[in-house]
Amino acid sequence: MPAWLLLVAAITMEVIGTTALKLSDGFSRLVPSMVTVTGYLVAFIALGFVLKRMEVGVAYAVWAGLGTALVALVGVFFFGETMNWVKAASLALIVIGLVGLNLAG
């Protein structure tokens, strides 16, 4: 599996884990708690495989940046969190930074 595809899978599992963490109500609900632990476990295992094939700086920047942006969007679309111009601009800057980082190296 190509490193980028595996990184996307890792980020997806991290976003699922974080979303389930919100739904777990402080680990008081069993199924969301299990999804949280499983999501993070699979995400970190996949990230470990990615790091065998990709520079750690690029991989972690994409992991952290894209994961952060996606979790923020999950908050807006699924949990009714607010979106204002500052949040939208900040998310755009994250994406621009990731593109720049990948173009540079």
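Predicted model: local features only at pLDDT ≥ 70, side-chain atom pairs only at ≥ 80, totals over all residues.
**Surface.** I then looked up how much of the chain is covered: buried residues make up 32% of its 105 residues.

**Charges.** Next I checked the charged side chains. I found 5 positive and 4 negative ones in the protein chain. The centres of the two sets lie 5 Å apart.

**Overall build.** I went on to the fold. The protein chain has 4 helices and 0 strands, and along the sequence the pattern reads α-α-α-α. I looked up the extent of the C-alpha trace too: along its principal axes it spans about 45 × 35 × 15 Å. For contacts, I took those between residues at least 6 apart in sequence, and 63% of them join residues at least 24 apart.

**Helix α1.** How many residues does α1 have? I counted 21 in the model, with 30 Å from the first C-alpha to the last. That is close to the 30 Å expected at 1.5 Å a residue. Its buried residues are A3, L6, L7, A10, I11, E14, V15, G17, T18, T19 and A20. What covers the buried residues of α1 includes α2 and α3. Just after α1, I noted that D25 takes a positive phi of about 55°.

**Helix α2.** I moved along to α2, residues 30-51. This helix has 22 residues and reaches 32 Å between its first and last C-alpha atoms, close to the 32 Å expected at 1.5 Å a residue. Which residues of α2 are buried? I listed P32, S33, T36, G39, A43, A46, L47 and V50. The cover over them includes α1 (3-23) and α3 (56-79). So α1 is part of the cover for α2, and α2 is part of the cover for α1.

**Record check.** Last, I opened the UniProt record. The entry is unreviewed, and it places the feature "transmembrane region" at residues 30-51, 58-79 and 85-104. I compared two of those spans with the model. Over residues 30-51 the chain is 100% helix and 0% strand, and the end C-alpha atoms are 32 Å apart. Residues 30-51 are also the residues of α2. Residues 58-79 are likewise 100% helix and 0% strand, with end C-alpha atoms 30 Å apart. In the model, α3 covers residues 56-79.

Definitions and conventions
Residues numbered from 1 in each chain as written. Heavy atoms only, no water. Helix = DSSP H or I, 4+ residues; strand = E, 2+ residues; numbered from the N terminus. Buried < 20%, exposed > 50% of the residue type's maximum accessible area, 1.4 Å probe, protein only. Contact = heavy atoms within 4.5 Å. Lys, Arg positive; Asp, Glu negative; His and termini not counted. Charge placed at Lys NZ, Arg CZ, Asp CG, Glu CD. Expected span 1.5 Å × (residues − 1). UniProt positions renumbered as here; feature names shortened; annotations may be inferred.
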